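Opening the notebook on a new model today.

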Amino acid sequence: MSILTLFVVIPALMLVGLWLAKSLNQVRGVMVAGASCLLALSVWLTIYFVQQRAAGNTDVMLLTASTPWFKPLNIAYSVGVDGISVVMLLLSSIIVFTGTFASWQLKPMTKEYFLWFTLLSTGVYGFFICTDMFTMFMFYEVALIPMYLLIGVWGSGNKEYAAMKLTLMLMGGSALLIIGILGIYYFSGATTMNVNEIAAMHNIPVAIQKVFFPFIFIGFGVLGALFPFHTWSPDGHASAPTAVSMLHAGVLMKLGGYGCFRVAMYLLPDAANQLAWIFLILTTISVVYGAFSACVQTDLKYINAYSSVSHCGLVLFALLMMTKTSCTGAILQMLSHGLMTALFFALIGMIYGRTHTRDIRYLDGLMKIMPFLAVGYVIAGLANLGLPGFSGFIAEMSIFVGSFENPDTFHRVATIIACTSIVVTAVYILRVVGKILYGEVKNPHYLELTDATWDERVAVICLIACVAGLGLFPLWASNVISDAVGPILANII
């Protein structure tokens with residue numbers, strides 16, 4: 001059995017530990033111990049992967065293993081990682097670790113909350129390590145279902161509506177996915193559901209590919225906030241509790257981009273080439289529409305939610321450009337946006353917990369009252385608008401430079417339109433920072449508020465360190481991702 005199975009076993013043990021826990025301290029202890037083990041495992045895996053590449057190991061997937069699970073349909077528990085999977089597992093473990101501390105003071109029903117939170121993270125880890133389509137889909141569903149209860153029970157605002165809307169739209173995407181997966185399996189004539197083995201066969205007729213490509217791409221694209229299927233995202237983010245927003249925007253939405261690249265484009269390459277222009281138009285709309293929508297919002301969570309629509313649209317946009325630089329930038333954007341948006345949602349949750357409002361019209365002078373949280377918000381904002389030295393800069397530059405490598409007018413015009421989002425992003429970020437952090441404190445009750453507690457500082461400092469670290473030292477991640485992107489692109493173009 002591959003060591004990758006620990007990414008599923010450890011969360012399973014955490015679920016048992018949480019179920020048996022009798023006190024709040026025991027619940028917290030189980031979460032910290034489990035999240036720390038997962039973070040250490042993902043760091044070890046990243047170092048191991050980099051060392052293997054440095055030693056000249058050219059295998060596309062490492063640490064592979066396969067165990068038959070349901071032979072009549074050739075379903076197997078198959079695992080393996082390439083550079084894309086490795087950085088996604090690292091991102092997931094960072095968000096789970098920091099999300100644990102961001103939820104330190106959550107009440108009531110803390111034990112039940114962490115049970116569902118851990119189940120959600122189990123699905124995420126399992127999705128990224130699996131190479132069997134059906135097993136990937138199973139973990140994908142495990143990651144989606146807990147969102148309904150996490151938002152509906154522990155959320156805020158119009159939480160029942162948001163939870164139901166999110167669940168119905170994502171389940172609709174899942175229905176499209178299962179049709180597409182069964183179509184690929186049946187028409188490929190394969191005796192396996194392993195993604196890499198089906199891709200190597202490359203024998204699905206083009207006409208069939210064109211039928212099932214939209215099912216897969218839209219199915220995953222719903223989770224990646226593809227226009228016009230993005231409407232669940234702002235409501236879901238706005239109503240979710242802090243750590244769930246962090247995991248949802250930081251990791252769960254990345255399943256969409258990962259699935260579009262790993263399954264839709266990799267297994268249906270001819271259809272991807274012929275139909276990409278349609279989805280490029282939709283993703284370009286996502287990028288620009290999300291940025292402009294963020295400009296007119298007054299709720300901090302809605303601002304960040306629409307910003308996520310724009311940035312996740314950039315991921316799909318870059319993948320569809322199908323150059324090595326743009327696709328590498330897309331994965332870097334997934335990693336960067338996951339860290340940045342988790343930092344944003346963590347800080348917004350901490351500010352809301354003190355002021356009991358997220359409306360920027362009633363927030364002012366926070367730099368004088370809670371300087372640690374305010375400085376953290378400034379850093380998150382600068383990273384989000386792509387300031388050099390932070391992770392957003394290298395990711396967006398790779399996307400736009402790689403996209404402009406396409407020589408035809410259509411791709412270059414789409415790139416220029418998408419570039420306008422940079423300006424719009426600067427507008428809404430600087431507007432919010434200036435409005436809520438600086439100036440005089442108009443609400444006298446704010447003078448009684450306190451700054452971040454130790455557990456909140458742990459979460460914020462870890463995320464800031466990761467955002468700055470990736471921005472200052474991006475080469476290791478870029479090389480790891482680029483090595484994995486190459487073989488997939490070779491099958492597509």
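Predicted model: local features only at pLDDT ≥ 70, side-chain atom pairs only at ≥ 80, totals over all residues.

**Overall fold**

I started with contacts (heavy atoms within 4.5 Å): of those in the protein with a separation of 6 or more, 81% are accounted for by residues 24 or more positions apart. Residues are numbered from 1 along each chain as its sequence is written, and side-chain values use heavy atoms, with hydrogens and water left out.

I looked up the secondary structure and found 21 helices and 2 strands in the protein; these are DSSP runs numbered from the N terminus, with helices being H or I of at least four residues and strands E of at least two.

Next I checked the radius of gyration, taken over C-alpha atoms, against the globule rule of 2.2 Å times the number of residues to the power 0.38. A compact globule of 493 residues would come out near 23 Å, and the protein has 21 Å, which agrees. The C-alpha trace spans about 70 × 60 × 45 Å along its principal axes.

I then asked for burial, where buried means under 20% relative accessible area, exposed over 50% and partly exposed in between (1.4 Å probe, protein chains only). Buried residues make up 62% of the 493.

**Rings**

I searched the whole structure for aromatic pairs and got 26. The rings of Phe97 and Phe101 have centres 5.2 Å apart and planes at 65°, so I logged the pair as edge-to-face. The rule for Phe, Tyr and Trp (its six-membered ring) is centres within 6.5 Å, with planes under 30 degrees apart stacked, over 60 edge-to-face and the rest tilted. Both Phe97 and Phe101 sit in helix 3 (residues 83–102), 4 residues apart, about one turn of the helix, and both are buried.

I also noted one aromatic cluster formed by Phe127, Phe128, Tyr140, Phe220 and Tyr258.

**Helix 17**

I listed its buried residues, among them Leu373, Tyr377 and Ile379. What covers the buried residues of helix 17 includes helix 14 (300–321), helix 15 (324–355) and helix 19 (409–437). Last entry: Gly386 follows helix 17, and its phi is positive, near 85°.
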